[in-house]
Amino acid sequence: MIKRETGLKPSRLDGMDRFDQAILTALAEDGRMSITDLASRIGLSKSPTQARLRRLESSGVIMGYRALLDPIQLGLDHVAFVEVRLEDTREAALRAFNAAVQSVPEIEQAHMIAGNFDYLLKIRTRNMAQYRAFLGDVISSLPHVTATSTFVAMEAVKEVMLPGID
């Protein structure tokens, strides 16, 4: 068998067996599950399940636990996707933009894009008026922003928080 070098870093999944993957799937569905219930669900006893869980946590595969909040129930039902073009895309400018985006809670996601623009942001606000103010006051003042284009979401058809590994 010929092994080709792809230049890609191996995935953390490469070193996981079916029990590790079952732990991740179970906890992605219910992060409040007890060790006893988790062990029963994956088919191991409590001690090895707990050891595997600690290893997954310490290795950074499991980054933490949190409550998933329903943004609609919180009145945050206006979603806009914003294409952002920067005037400067050298490394220092990208770092400045990235750091600034991290501190803005209305920006749910930020992705550097290869294409006709530099970043795609997912922004969640209460309504169009709040979004317009946010665009003028916050987005336009982020480092090196030269132009934006907004696309308003009409309906979320699928939103996923990594439901597990199969």
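Mentor: Gladly. The model is predicted, so local features need pLDDT of at least 70 and side-chain atom pairs count only at pLDDT 80 or more, while totals for chains, interfaces and linings use all residues. Residues are numbered from 1 along each chain as its sequence is written, and side-chain values use heavy atoms, with hydrogens and water left out.

Trainee: Why is K122 called buried?

Mentor: Its relative accessible area is 8%. Buried means under 20%, exposed over 50%, and partly exposed in between (1.4 Å probe, protein chains only). K122 therefore counts as buried.

Trainee: What does K122 touch, not counting residues up to four places away in sequence?

Mentor: Among them are V79, F81, I107, Q109 and E159; contact means heavy atoms within 4.5 Å.

Trainee: How do you know that strand 2 and strand 3 pair?

Mentor: Strands are DSSP runs (E, at least two residues), and helices are H or I runs of at least four, numbered from the N terminus. Two strands pair if DSSP finds at least two bridges between them. Strand 2 (residues 107–112) and strand 3 (residues 119–125) have 5 bridges, in the antiparallel sense, so they pair. Q109 stands opposite K122 there, and 6 residues lie between the two strands of this hairpin.

Trainee: What makes a nonpolar core?

Mentor: Buried Ala, Val, Leu, Ile, Met, Phe, Trp, Tyr and Cys residues joined through side-chain atoms within 4.5 Å. The largest one has 18 residues, and V84, F97, I107, L121, I123 and L142 touch the most other members. Strand 1 (78–86), helix 4 (91–102), strand 3 and helix 5 (128–137) each supply at least two residues of this core.
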